[in-house]
Amino acid sequence: MGAGFQGYIYLGDFSNKTNTLGDWVTEKTWSTLNIGIWDYYTTAHTLRWQYYDLDKKEWYELQRGASNWTSLAVPKGNYWVKVDVLDQNNNVIESKTMGTDGATKSVIDAVNVTRESNGDYLLGAISNNPYMSYVAKLYNYQTGQWFTQFNSQWARFRAQKGVKYRVQFEIYGWNRCLDFKGYDFIG
């Protein structure tokens with residue numbers, strides 16, 4: 001038996017892709033979501049990156065140029081990210097869109113809602129990023145309103161017996177909400 005072929009073959013090299021966009025590539029950092037796309041265009045073109053905030057129903061331009069990478073630094077939510085391939089006259093040749101929640105690597109790992117023997121509830125959240133700031137918001141289903149907020153990782157709360165509440169834990173950094181988790185409980 002001979003030694004045969006040694007080394008690595010990238011099968012994408014045999015695909016003869018030209019003048020098209022390929023697959024999405026994403027990378028989460030502590031502060032942003034980096035998004036890229038394979039750009040196989042050989043003709044002169046510009047890439048226009050935009051995102052759409054589904055809650056606000058508004059488009060925002062991220063960048064325009066030759067880069068096939070962009071960074072999305074938004075509060076965690078519901079978004080579409082779109083890249084357009086523009087010709088020299090700014091006409092759209094091709095578009096691709098992906099959905100994302102804009103999440104980063106800074107996440108809430110666990111939450112705590114524990115009723116103590118004195119009737120108070122101990123509320124808390126733990127994140128994988130120790131340098132963030134925390135908020136805990138309380139919602140009363142009976143009144144239909146958010147009624148208090150604790151600006152800390154841990155808090156105590158005295159609930160009314162039989163009332164349904166929602167506690168939402170949020171972590172903040174880089175001037176925006178990076179992650180949130182909600183939990184319902186009955187006092």
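Author: Two strands pair if DSSP finds at least two bridges between them. Strands are DSSP runs of E with at least two residues, helices are runs of H or I with at least four residues, and both are numbered from the N terminus. The model is predicted, so to speak of local features a pLDDT of at least 70 is needed, side-chain atom pairs count only at pLDDT 80 or more, and totals for chains, interfaces and linings use all residues. Residues are numbered from 1 along each chain as its sequence is written, and side-chain values use heavy atoms, with hydrogens and water left out.

The sheet is open and has four strands in the order 4-3-6-7, paired antiparallel. Its edges are strand 4 (58-65) and strand 7, each of which pairs on one side only. With direction ignored, neighbouring strands of this sheet are turned by 20° against each other on average. Here axes are lines fitted to C-alpha atoms, for helices over the stretch in contact, and angles run from 0 to 180 degrees between N-to-C directions.

Strand 3 (residues 46-53) runs antiparallel to strand 4, and seven bridges join the two. Tyr51 has Tyr60 of strand 4 opposite it.

Asn90 is not a glycine, yet its phi is positive, near 65°. Its relative accessibility is 47%, so Asn90 counts as partly exposed; buried means under 20% relative accessible area, exposed over 50%, and partly exposed in between, with a 1.4 Å probe and protein chains only.

Asn19 belongs to the segment before strand 1 (21-28), and with a relative accessible area of 33% it is partly exposed.

Now the whole chain. The protein has 14 strands and zero helices. Its radius of gyration is 23 Å, whereas a compact globule of 187 residues would have one near 16 Å; the radius is taken over C-alpha atoms, and the globule rule is 2.2 Å times the number of residues to the power 0.38. The C-alpha trace spans about 75 × 55 × 25 Å along its principal axes. Of the 187 residues, 36% are buried. Among contacts (heavy atoms within 4.5 Å) between residues at least 6 apart in sequence, 50% join residues at least 24 apart.
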